[in-house]
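Please look over the sequence and the structure shown below before reading on. The briefing that follows takes up one topic at a time.

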Amino acid sequence: MRARAAILATILAFGAASAASAGPLYTAYNVWFESPLKVYSTNYQKGNILPAGSEVKDVKRSKDKLEFTDPKPNMKFTFEFVSKHHPGLTGDQWIDRLLTAKDFAALSTGLTAAEIKAIRAGEVKAGMSKKAVLLAAGYPPEVATASTQLDIWKYWRDRFRNYLVYFSNGKVTKSEQ
């Protein structure tokens, strides 16, 4: 039992050390927030946008919480992982999906100028690829969209209103955004 605990502690310490020393970290998609001190993993599309590819510093993570600073406006963000909105996903998996080593130029490689313009505006438009929609709107909550392999994704504007995005052959055919 002690050996297992020691191995787990080593793995956790290595993971934390490697994440801290891996170089710059960025947001992997647009994140909406009303208050930077309480942002939900559901990514309600209301308020201000923390853009995809924003560099983050001072990252602190725990099981259900993520904190970091966006150095450009020198703003501290605190995220809460809402597990009931992400069945089958752990807080760590959600954090690993939100943060990336890729800046916006790397994230948007291969996208059209129109897609990049829509992403920067936080918009989902007909003709966008699934990759572009993920950058623009983030991942739809798994409680409403079990997989991004599906052709209909459900996003939430707030706790009571949502909208659908329809795909055909990997491109948006209609967005109710």
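**The largest cavity**

Two elements, β3 (39–40) and α2 (91–98), each contribute at least two residues to the lining of the largest cavity, where helices (H or I, at least four residues) and strands (E, at least two) are DSSP runs numbered from the N terminus. The model is a predicted one, in which local features need pLDDT of at least 70 and side-chain atom pairs count only at pLDDT 80 or more, while totals for chains, interfaces and linings use all residues. Residues are numbered from 1 along each chain as its sequence is written, and side-chain values use heavy atoms, with hydrogens and water left out.

- A cavity here is a set of points, on a 1 Å grid over the protein atoms alone, where a 1.4 Å probe fits but cannot get out, and its lining residues have an atom within 4 Å of a point.
- Grid points are joined across faces, edges and corners, and a volume is the space filled by probe spheres set on the points.
- By this rule there is one cavity of 30 Å³ or more, and the largest cavity holds about 60 Å³ of space.
- The lining of the largest cavity consists of 13 residues, and those nearest its centre are Tyr29, Tyr40, Ser41, Asn43 and Trp94.
- Helix α2 gives the most to this lining, with three residues.
- By class, the lining has eight nonpolar, four polar and one charged residues, where Ala, Val, Leu, Ile, Met, Phe, Trp, Tyr, Cys and Pro count as nonpolar, Asp, Glu, Lys and Arg as charged, and the others, Gly among them, as polar.

**The protein as a whole**

- The protein has five helices and eleven strands.
- Of its 177 residues, 41% are buried, which means under 20% relative accessible area, whereas exposed means over 50% and partly exposed lies in between (1.4 Å probe, protein chains only).
- Among the contacts with a separation of 6 or more, 48% are between residues 24 or more positions apart, a contact being heavy atoms within 4.5 Å.
- The accessible surface comes to about 10,000 Å², and 56% of it belongs to carbon and sulfur atoms.

**The sheet and its hairpins**

- Six strands form an open sheet in the order β3-β7-β6-β5-β1-β8, with mixed pairing; its edge strands are β3 and β8 (99–100), each of which pairs on one side only.
- Two strands are said to pair if DSSP finds at least two bridges between them.
- Strand β6 (residues 65–70) has five of its six residues buried, so this strand is largely enclosed by the rest of the structure.
- On one side, β6 pairs with strand β5 (residues 55–61) in the antiparallel sense over three bridges, and a hairpin joins β5 to β6 through three residues.
- Strand β6 is also joined by six bridges to strand β7 (residues 75–80), again antiparallel, and these two strands form a hairpin with four residues between them, where Asn74 in the turn has a positive phi of about 50°.
- Thr69 in β6 stands opposite Lys57, and Thr69 also stands opposite Lys76 in β7.
- Elsewhere, strand β9 (residues 152–156) and strand β10 (residues 162–168) pair in the antiparallel sense over five bridges, forming a hairpin with five residues between them, and Lys154 stands opposite Leu164 in β10.

- Helix α5 (residues 130–137) is mostly covered, with seven of its eight residues buried, namely Lys130, Ala132, Val133, Leu134, Leu135, Ala136 and Ala137.
- These buried residues of α5 pack against β2 (31–33), α3 (104–107), α4 (113–121), β9, β10 and β11 (171–175).
- After α5 comes Gly138, whose phi is positive, near 80°.
- Leu111 lies in the loop between α3 and α4, and it counts as buried because its relative accessibility is 13%.
- Not counting residues up to four places away in sequence, Leu111 touches Ile116, Ile119, Ser129, Lys131, Ala132 and Leu135.
- Leu111 and Met128 are 17 residues apart along the chain, and their C-alpha atoms are separated by 8.8 Å.

Note on methods: Accessible areas come from the Shrake-Rupley method with a 1.4 Å probe; for residues, only the protein chains shown count as cover. On a 1 Å grid over the protein atoms alone, a cavity is a set of points where a 1.4 Å probe fits but cannot get out, and a pocket is an open set with protein on both sides within 12 Å along at least five of seven lines; lining residues have an atom within 4 Å of a point.
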